[in-house]
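Morning, everyone. I'll take a few minutes to walk through one structure, from the whole chain down to single rings. Please have a look at it first.

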Amino acid sequence: MKKITSISKIKQKYSNKDKIFLEKTTINTNIAGRIISKRKMSNNTFINVQNIKNNIQILINVNIFNKIKYKNIIKNIKIGDIIYVEGKIFKTKTNELTIKANYIKTLVKTQKYFPDKFHKLKNKEIRYKKRYLDLIINKKSRKTFLNRIKIINLIKKYLYKKSFLEVETPMLHSIPGGAKAKPFYTYHNALNKKMYLRIAPELYLKKLIIGGFTKIFELNKNFRNEGISNIHNPEFSMIEIYQAYTTYKDMMKLAENIISYIIHHLCFNKKTIFTQKNIPINFTTPYKKIHLNKAIYKYNKKFFKNIKNVKEIKYLKKLSNNLNIKPQKNTSKLLLKIFDITVQHNLIQPTFITQYPIEVSPLSQQNKKDQQIADRFELFIGGHEIANGFTELNNPQEQKKRFQQQLKNHKISKQKFFYNKEYITALKYGLPPTSGIGIGIDRLVMLLTNNNSIKDVILFPTL
């Protein structure tokens with residue numbers, strides 16, 4: 001078989017060529033792909049051949065082949081077959097770029113019924129289980145996953161331009177850490193020990209900063225043995241970025257710059273507005289910034305009336321009762337619960353929520369002015385958390401104290417907490433002033449491709 005020409009290259013090169021020019025010029029080409037439609041018109045049969053990026057029309061004319069050969073070709077090819085075609089490029093009366101075939105060979109016969117492109121695969125369960133069919137039949141799915149690849153490449157390209165180094169850290173952990181989540185566990189036969197799929201790479205990445213790296217990132221999978229929903233999948237993609245000699249404010253700026261870079265290159269019209277659920281989202285920087293307490297007050301004004309200090313426990317408890325939230329001994333956890341229920345879904349425009357309580361930020365640096373809050377932020381867009389970042393706690397004694405408090409809290413609640421002594425040891429060698437950010441790739445892709453479920457942006461989601 002000859003070297004196959006890309007359909008995309010053919011379209012790119014000849015779509016803007018004049019119809020008369022193509023008629024006068026003999027331009028022969030060849031392509032291979034899957035038949036997605038077939039229609040007969042008198043002595044002509046038109047088929048559409050597709051690959052992941054593009055498709056092109058093929059004309060099979062009775063005058064090019066003798067009648068017997070023509071009938072055999074038409075009889076033997078069907079929707080779903082993968083074929084090889086050679087022929088001349090021209091444009092039809094409707095100005096559609098087409099290849100007039102002079103040679104056709106069936107490379108693979110489909111052995112299953114194949115719905116054509118007009119009878120789209122609409123059953124979501126089938127689409128997720130049989131993603132290969134979904135990609136063939138549904139143009140939106142193809143576009144989503146091609147854009148996912150572009151988004152990931154653009155993030156990496158931007159970071160490379162800014163001299164960040166891409167690193168790899170273990171997927172198998174002896175002690176899961178770096179985030180609060182229930183891990184998946186496995187067993188290492190040779191070592192005769194239980195091990196865990198990572199819930200986050202954070203502690204390993206900070207060890208690399210201790211080792212001398214100053215600007216690093218890792219884009220890979222994390223695993224959390226928790227619920228499945230439209231925004232949660234047990235296996236998900238995350239990028240974590242760390243930079244020495246910076247603060248959380250630098251990470252906020254980095255998040256804005258990364259998203260602006262993606263939008264600029266992903267949008268052909270170079271606009272900074274996408275639509276999510278028919279609501280325009282304005283990505284013009286700088287993004288809005290609001291303190292956690294002020295956000296809770298803003299979206300619960302009627303309840304708090306003239307009380308602006310949202311930290312007051314009696315008002316929080318009254319509001320939590322009003323929202324049917326289970327009693328919480330920890331005021332900070334109660335704050336977050338109220339935020340999740342009453343505020344988060346309102347944050348459609350890009351918004352940084354800052355000043356999280358230190359109690360729920362065990363790896364974050366304390367704010368110098370207020371020891372009760374952390375130098376931390378979360379970025380919300382389209383009603384979902386997209387990123388989380390903070391200035392890293394680099395005091396080993398304080399980190400040990402926080403881990404011990406977590407251990408105590410988890411014993412009371414009878415939950416498992418993994419105390420990481422090795423990380424404390426590493427901190428004693430000196431972690432330079434550092435900040436980091438984690439961005440959820442799947443949720444970011446959901447947002448920028450206008451999908452409402454995480455399953456629509458993961459090729460093979462957990463069902």
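A word before the numbers: contact here means heavy atoms within 4.5 Å. Residues 24 or more positions apart account for 64% of them. Keep in mind that this is a predicted model.

Now the overall picture. The protein has 463 residues, and buried ones make up 49% of them. There are 15 helices and 18 strands. Along the principal axes, the C-alpha atoms fill a box of roughly 85 × 60 × 40 Å. The accessible surface comes to about 25,300 Å². Carbon and sulfur atoms hold 52% of that surface.

Next, the sheet. In what order do the 8 strands of the open sheet run? The order is β6-β10-β11-β18-β17-β16-β15-β14, and the pairing is mixed. At the edges stand β6 (165-166) and β14 (288-291). Each has a single partner strand, so one side of each is left without a neighbour in the sheet. Let's zoom in on one pairing. Strand β17 (residues 384-391) and strand β18 (residues 434-440) pair in the antiparallel sense, over 5 bridges.

On to the aromatic rings. The whole structure holds 10 aromatic pairs. One of them is Tyr160 with Phe217. The centres are 5.8 Å apart, the planes make 50°, and the pair is tilted. This pair links distant parts of the chain. Tyr160 sits in helix α6 (residues 139-161) and Phe217 in strand β10 (residues 215-223), 57 residues apart. Phe217 is buried, at 0% relative accessibility.

Compare a second pair, Phe352 and Phe377. Their ring centres lie 5.4 Å apart. The planes stand at 90°, so this pair is edge-to-face. It too links distant parts of the chain: Phe352 is in strand β15 (residues 351-354), Phe377 in strand β16 (residues 376-381), 25 residues apart. Phe352 counts as buried, because its relative accessibility is 0%. Phe377 is also at 0%, so it counts as buried. Ring pairs also bring in Tyr287, which forms a cluster with Phe352 and Phe377.

Rings meet charges as well. The charged end of Lys215 sits over the ring of Phe164, 4.9 Å from its centre. Lys207 lies over the face of Tyr204, at 4.9 Å from the ring centre.

Last stop: helix α11 (residues 313-322). Which of its residues are buried? Tyr315, Leu316, Leu319 and Ser320 are. Why do we speak of one side of α11 here? These residues cover an arc of only 135° around the axis, and therefore lie on the same side of the helix. On the other side, Lys314, Lys318 and Asn321 are exposed. The cover over the buried residues includes α10 (301-304) and α12 (331-342). After α11 comes Asn324, with a positive phi near 60°.

To close, two places to look at again. One is the cluster of Tyr287, Phe352 and Phe377. The other is α11, with Leu316 among its buried residues and Lys318 among those exposed on the other side. Thanks, that's it from me.

Technical notes: Residues numbered from 1 in each chain as written. Predicted model: local features only at pLDDT ≥ 70, side-chain atom pairs only at ≥ 80, totals over all residues. Heavy atoms only, no water. Phe/Tyr/Trp six-rings, centres within 6.5 Å; stacked < 30°, edge-to-face > 60°. Helix = DSSP H or I, 4+ residues; strand = E, 2+ residues; numbered from the N terminus. Buried < 20%, exposed > 50% of the residue type's maximum accessible area, 1.4 Å probe, protein only. Lys NZ or Arg CZ within 6 Å of the ring centre and 35° of its normal. Arc of directions from axis to C-beta. Pairing = 2+ DSSP bridges. Areas by Shrake-Rupley, 256 points an atom, 1.4 Å probe, with all protein chains shown as cover.
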